[in-house]
Amino acid sequence: MASDAPSSPDEARRALVEALVATGEQDRAAFLRVYRMTAAKLFGVCLRICGDRTAAEDVLQDVYALVWKRASGFEPGRASPITWLATIARNRAIDWRRANPHRATTDVEDVADLPEPSPSACDTLLFDETDRRLHLCLDALQDTQREMIRAAFFGGLTYAELAERRAVPLGTMKSWIRRGLLRLRECLDDDA
Amino acid sequence: MTTPDDPDMTAAEVALGLLDGEARAAAHRRLLADPAFAREVAHWRAHFATLFAEVPEVVPPAYLEHRIAAAVAAGGGDRASVHALRRWRWFGGGMSAVAAALLVLVLTRATEPPAAVRPPSRTVVPMVATLAPGAGVAPFAAVYDQSTGQVRTLGRVALPRDRDAELWAIGQDGVPRALGLLTRDGKTRIVVRGIRIEPGTTLAISIEPLGGSPRALPTGPVVATGQLDRI
């Protein structure tokens, strides 16, 4: 790891929290620090959900305009900063998908099912290592359950939309996912 | 430990956004009224958020940082200016050899002997831009001569018969303003009236119906953009 990079996850997260809090006080230099620390991750999120590079760029710009406006509402004690930011990116990208169904060229299930890459240095710095249990527990689910849960997360799809895409009755879809969520909860509880 | 008889997964469903209609409304009312339920939803949200960690990082193009910084500087990223800026894609990147050659060409033309000799103390430095093109478009060079208020461009856009290429200026406020149509011979001169052109102004070319955009903003694809600067 480069010597000028934050030396530990704690330090990286603290630097991001500080920059985000200062952004909430309308500090533009801090805002640019937030951008530089997180843009690649958030662009990855936008790209994955939008499936269209031009759209992902527009959405990313919207996301940071929102970050600038909403940073004063970020509560360091309650949320991880990268999760707070990534959630804004996810929500905006899902809004875009809903508004532009014809431009969302990739199918949401393809989007959700991209092969898992190995986590990058930024991830290991900004995400909490101890909270990776979800991945292990998801791996323990049936393929369909796992796919549907990921499609719901990355595509912002409801039960009704998932049922339509999979051409199964609504009740069947609810039952698949609820059983998957139940197993997920058991697995997460076991591990806690 | 959860028992199988209790398959109420509403908290997870809310966190994932699976519900709609009345079920969603009811769950959201419960979210406000039931703190334990709200905590459970928050836990699920935190768990699902770890899915973000698997999304590969993709470095966004450098011009996005400038766009975002400009939008914030221009007034806290208010919707109107963000929306206007969003229409624009800066084709960033270094100047290609062809573009550099064009720039030399256009500058040579721009500094052709003036008809009247101006006092040396009033020499106005022209502003130039290389308009970095998108795929399939040859590079453009543009010069703005403040003394004559004239923009000249050198470069040609391949156009269908029923389309024109239109030149736009985008100032600090992020709002595109039409300067005029490019001529088909690739050597355009446009006298600018009532539009502020300064270093940092972005020039852009869009493809429009014959006669130019029917609206105040571009309607067709933007094929090249670049920023003016003093030389």
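Strand β7 of chain B, residues 202-209, is mostly covered, with seven of its eight residues buried. By buried I mean under 20% relative accessible area, with exposed over 50% and partly exposed in between, using a 1.4 Å probe and protein chains only. Helices (H or I, at least four residues) and strands (E, at least two) are DSSP runs, numbered from the N terminus. Please note that this is a predicted model, in which local features need pLDDT of at least 70 and side-chain atom pairs count only at pLDDT 80 or more, while totals for chains, interfaces and linings use all residues. Residues are numbered from 1 along each chain as its sequence is written, chains are lettered from A and ligands numbered from 1 in the order in which they are written, and side-chain values use heavy atoms, with hydrogens and water left out.

Which strands pair with β7(B)? Strand β4 of chain B, residues 163-170, pairs with β7(B) in the antiparallel sense over eight bridges; two strands pair if DSSP finds at least two bridges between them. Here B:Thr202 of β7(B) is the bridge partner of B:Ile170. Strand β8 of chain B, residues 222-227, also pairs with β7(B) in the antiparallel sense, over five bridges. In that pairing, B:Ala204 has B:Thr225 of β8(B) as its bridge partner.

I turn to strand β2 of chain B, residues 140-145. Why is β2(B) described as largely enclosed by the rest of the structure? The description applies because six of its six residues are buried. B:Phe140, B:Ala142 and B:Tyr144 point one way from the strand, while B:Ala141, B:Val143 and B:Asp145 point the other way, and all are buried. β2(B) runs antiparallel to strand β3 of chain B, residues 150-154, and five bridges join them. B:Asp145 stands opposite B:Gln150 of β3(B). Four residues lie between the two strands of this hairpin, and B:Gly149 takes a positive phi there, near 65°.

Still in chain B, consider helix α3, residues 35-49. Its 15 residues reach 21 Å from the first C-alpha to the last, close to the 21 Å expected at 1.5 Å a residue. The expected span is 1.5 Å times one less than the number of residues. At the N-terminal end, B:Asp34 caps α3(B), with a side-chain oxygen 3.1 Å from the backbone nitrogen of B:Ala36. Among the buried residues of α3(B) are B:Phe37, B:Val41 and B:Trp44. The ring of B:Phe37 has the charged end of B:Arg30 over it, 4.0 Å from its centre. A charge sits over a ring if NZ of Lys or CZ of Arg is within 6 Å of the ring centre and within 35 degrees of the ring normal.

Chain A has 10 helices and zero strands. Buried residues make up 52% of its 192 residues.

How far apart are the end C-alpha atoms of helix α2 of chain A, residues 28-50? They are only 28 Å apart for 23 residues, short of the 33 Å that a straight helix would reach at 1.5 Å a residue. α2(A) has a kink of about 60°, centred on A:Thr38; the bend at a residue is the angle between axes fitted to the seven residues ending there and the seven starting there. A:Asp27 caps the N-terminal end of α2(A), placing a side-chain oxygen 3.0 Å from the backbone nitrogen of A:Ala29. After the helix comes A:Gly51, with a positive phi near 65°.

Most residues other than glycine have a negative phi. A:Gln26, not a glycine, has a positive phi of about 65°. It is found in the loop between α1 (9-24) and α2 of chain A, and is partly exposed at 48% relative accessible area. A:Ala167, again not a glycine, has a positive phi of about 55°. Its place is the loop between α9 (159-166) and α10 (170-191) of chain A, and at 68% relative accessible area A:Ala167 is exposed.

Finally, A:Gly155 lies in helix α8 of chain A, residues 143-155. Is A:Gly155 buried or exposed? Its relative accessibility is 5%, so A:Gly155 counts as buried. A:Arg97 is 58 residues away from A:Gly155 in sequence, and the two are 8.0 Å apart in space, C-alpha to C-alpha.

Note on methods:
Polar contact = N/O pair within 3.5 Å; in protein donor to acceptor, adjacent residues only side chain to side chain.
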